[in-house]
Amino acid sequence: MLFACVSVHAQHVPPSLDLSGLRLGGDMVYPEATQQASRMGGSSSSSSSSKSGRTLLEDTPQGPPPIRPKIYIYELPERLRNASVGDVTDTFYGLEQLFPELLLASHHVTKNGNEADFFYVNAWLSFPKTTVRDIVAALQEAGPWWDAKQGADHIFVHSGEKGRCDFTDTEQAIKSVLIHHFGLLQNTHRPICNLDEVWGAHCDDEMIVSEAAMFGRPVIQDACHLPGQDIVVPPSTYEFHPGKPHTWTAGTPYLNDSLKGLPRTDMLFYSGKIDLDADDPELSKNQPWHDARYSLGARQSVYKMFKKAPGFLLLNHHSHDDYYSHLSTSVFCLATAGWGWGGRMKAAVTRGCIPVIVQDGILVEFEEQLPLKEYAIRVPLWMSHKLPPILAVFNNTGHVANMQKALECTWRLHWWRRPYGRAFEVVMCELKRRVLKADRIKLDTDECTLDCGDGHRINLLKEGPMGV
């Protein structure tokens, strides 16, 4: 069995929820969104996607493009997937389950490995935490394709905290494509910097790497993400799950009438952990550097500088009850990392809040594929003390209005589940671009179309078959 899909039992679904749009891949229609489907460009009925295989493509004289990429899914031993964890596709660590479900629902799957452009490794690296070495051995037993290109055309999905840096044997798959959430470009393995024991320069990653390169010194450095090879994607959380009612309260103004059209009265919003050692006064007093590397100091610096700034709603705790309301009534939302990747980029974008990315040396979701400049801001940490005037410039010059208009299209690209989500299409588009050896993906936020490099525009507002 390639993947065990979790069934949705009728007794778990309240009468107010219309599941007529439910299909393989977790497609659903949220209660308040049912009546909005037509004006959102989607449909609450799966019949619309079966009328024509071309409904997602703009008509062109050349007709529909050939299906690329073609992806072969390995049948691997069940021991490489821990089904005992249940359905975790609505959590931060659920993409290893959700992605193959979406892939199986698409037209990109081929049963002929000899015609495949890529090979999907259906093993869960997080549940259980399997070694890459064991997986590669299973792939070599399953067929000749791994050895043919040393795994360069093989795809892994990993939802763990630190991408490639979560594993000690990633050299076994150094040529493979990793779809994951943490785009850290260098990791010098220095989580704690005890300034009473070491000179501060030894804790400066940029200085360490630069000096090592200049003087030929060895340095322990891993890339948790390989640019141009791996793909940083959104997590599977912050979405509605058809079988889990508690996720239906994760509202967004794009789908929920109760949040739609609310005025955005806060200039910058953040809610979450700040000082991890706050509950240990002795440790905080005697070793203030102990938790300093958390979030690379970004959320702490912004909070301590601007927690009382006018228009800034910065909270040092999780505001679970009204979190989505705050996201939906703020102009900008701070998007930082934690010890590993963070989900605040997706939480902001999918609620119409412009992300302010403060993650030095970390590529965020789809930063290599999409023109994030059209709907997000990246601020280096050294510039963060200027945040109030920076955001004021964007707000007063019309940039905010343009970005919010772009978000009306692009939020879908950070959402996985159908009928609204198009994150899967972005991944397939990137893989198609590589097959075609095209320069880049082209996104037109005005028309809300995506071009994977072959000149065919995918209309992101129309419901159609999974894939590109």
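Q: In which loop is the place of Lys 373?
A: This is a predicted model, in which local features need pLDDT of at least 70, side-chain atom pairs count only at pLDDT 80 or more, and totals for chains, interfaces and linings use all residues. Residues are numbered from 1 along each chain as its sequence is written, and side-chain values use heavy atoms, with hydrogens and water left out. Helices (H or I, at least four residues) and strands (E, at least two) are DSSP runs numbered from the N terminus. Lys 373 lies in the loop between strand E12 (362-363) and strand E13 (377-378).

Q: Is Lys 373 buried or exposed?
A: Buried means under 20% relative accessible area, exposed over 50%, and partly exposed in between (1.4 Å probe, protein chains only). Lys 373 has 76% relative accessibility, so this residue counts as exposed.

Q: What distance separates the C-alpha atoms of Lys 373 and Met 403?
A: Along the chain, Lys 373 and Met 403 are 30 residues apart. Their C-alpha atoms are separated by 8.6 Å.

Q: How are the axes of helix H2 and helix H12 oriented to each other?
A: Axes are lines fitted to C-alpha atoms, for helices over the stretch in contact, and angles run from 0 to 180 degrees between N-to-C directions. The axes of H2 (residues 95-104) and H12 (residues 423-436) come within 11 Å and cross at roughly 75°. Angles under 35 degrees count as roughly parallel, over 145 as roughly antiparallel, 65 to 115 as roughly perpendicular and the rest as oblique. H2 is therefore, relative to H12, roughly perpendicular.

Q: Which residues of H12 make the contact with H2?
A: Contact means heavy atoms within 4.5 Å. H2 contributes Phe 99, Leu 102 and Leu 103. From H12 come Phe 424, Val 427 and Met 428.

Q: Which residues touch the most other members of the largest nonpolar core?
A: A nonpolar core is a set of buried Ala, Val, Leu, Ile, Met, Phe, Trp, Tyr and Cys residues joined through side-chain atoms within 4.5 Å. The largest one has 87 residues, and its largest share, 7 residues, comes from H12. The members touching the most others are Phe 99, Leu 268, Phe 332, Trp 416 and Val 427.

Q: What covers the buried residues of H7?
A: In H7 (residues 298-306), the buried residues are Ala 298, Arg 299, Gln 300, Val 302, Tyr 303 and Phe 306. Their cover includes strands E8 (266-271), E9 (312-315) and E10 (330-335), together with helices H9 (344-349) and H10 (387-396).

Q: What percentage of the chain is made up of buried residues?
A: The chain has 12 helices and 16 strands. Of its 468 residues, the buried ones make up 54%.
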